[in-house]
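Here are a few notes to read alongside the model. Take them one at a time, and keep the structure in view as you go.

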Amino acid sequence: MTKRFMRTRALVTLCVAAASAMGIGGCGQAEPEITQTPTSEAPRGIPLDYTGFDPENFISDRVLDDSTTMTDAQIAAFIEEKGEGCRAGRANDQDIPCLKDFSVVTESYAGDDYCPWGYQGGEEESAAQIIGQAARSCGVNPQVLLVTLQKEQGLIYASGGDFQWFSYPSAMGYACPDNSTCDPDYAGFQRQVYYAARQFAIYRIKPERYRFQAGQRVEARYAPAQECTTTQITPANRATASMYNYTPYVPNRGALKGRGDDCSVYGNANVYAYMRAWFPQ
């Protein structure tokens, strides 16, 4: 896989342009996830705490690689709890279900060096079943996959007007690079979850292929825009390097203090904050 499969929480204007060109999207928000303005819709998001965020070490190898943290039933219960009160959405004349109500006929994928068990397709599988099977096959923590769903498309808390037509086709932001279009070969919730999990497995098995590597000093951007500056980081472990390979931007100081600007990309800070809030170690 090449760098075109990296994904970031890019500026909304850049992502919308890419999504419009393809007819399939992966638009992430540049703003931090905060408690929503009160409306008639539920569920409510949570305020995120970035205290203690270390750009060089915000997730451990042990956490990223632990595929045993949740059973399918526990994943389903988590989605049900966080999505309590969710209302279905509607976009492009199509009804869009809440994540807790989502189901789809799934495809079968052959196992390989990265996901040895492949994927056994089934009839009307739930989001929890898809996440669980992908996590087990590829040796990735399902908690990280849940956090990525929220980081990329806000699907854990989405309700009503939060849903967009691209919410499920680009659920994990996989194969949706900045300043370009999403790859239609990876459109769809199952493909997004499975291939994102597989990508994390590739980072684990073939780290030398990628720009960010544990213990290697590298220049990293704060945001994709050319006017945004860069910084030097040395990822302390492979898991942190993997997160940068997936979302290659460092949150700037303003982002971490809740005063973001046009050069603030929150993706990796949100991985840290959601893991702390939802799955404290």
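1. A residue is called buried when its relative accessible area is under 20%. Please keep in mind that this is a predicted model. By that cut-off, 55% of the 281 residues in the protein are buried. The protein has 9 helices and 6 strands.

2. Now find helix H4, residues 127-138. How many of its residues are buried? The count is 10 of 12, so H4 is mostly covered. Among the buried ones are Ile130, Ile131, Gln133 and Cys138.

3. What do these buried residues pack against? Their partners are helix H3 (72-82), strand S3 (103-104), strand S4 (125-126), helix H5 (142-153) and helix H6 (189-205).

4. Just after H4, Gly139 has a positive phi of about 70 degrees.

5. Next, look at the aromatic rings, which form 26 pairs. In one of them, the ring centres of Tyr109 and Tyr194 are 4.8 Å apart and the planes meet at 45 degrees, so the pair is tilted. Tyr109 sits in the loop between S3 and S4 and Tyr194 in helix H6, so the pair ties together parts 85 residues apart in sequence.

6. Are these two tyrosines buried or exposed? Tyr109 has 13% relative accessibility and counts as buried; Tyr194, at 2%, counts as buried too. Ring pairs also link both of them with Tyr119, Tyr174, Tyr186 and Tyr195 into a cluster.

Notes
Residues are numbered from 1 along each chain as its sequence is written. This is a predicted model: local features need pLDDT of at least 70, side-chain atom pairs count only at pLDDT 80 or more; totals for chains, interfaces and linings use all residues. Side-chain values use heavy atoms; hydrogens and water are left out. Helices (H or I, at least four residues) and strands (E, at least two) are DSSP runs, numbered from the N terminus. The expected span of a helix is 1.5 Å times one less than its number of residues. Buried means under 20% relative accessible area, exposed over 50%, partly exposed in between (1.4 Å probe, protein chains only). Contact means heavy atoms within 4.5 Å. Rings of Phe, Tyr and Trp (its six-membered ring) pair if their centres lie within 6.5 Å; planes under 30 degrees apart count as stacked, over 60 as edge-to-face and the rest as tilted.
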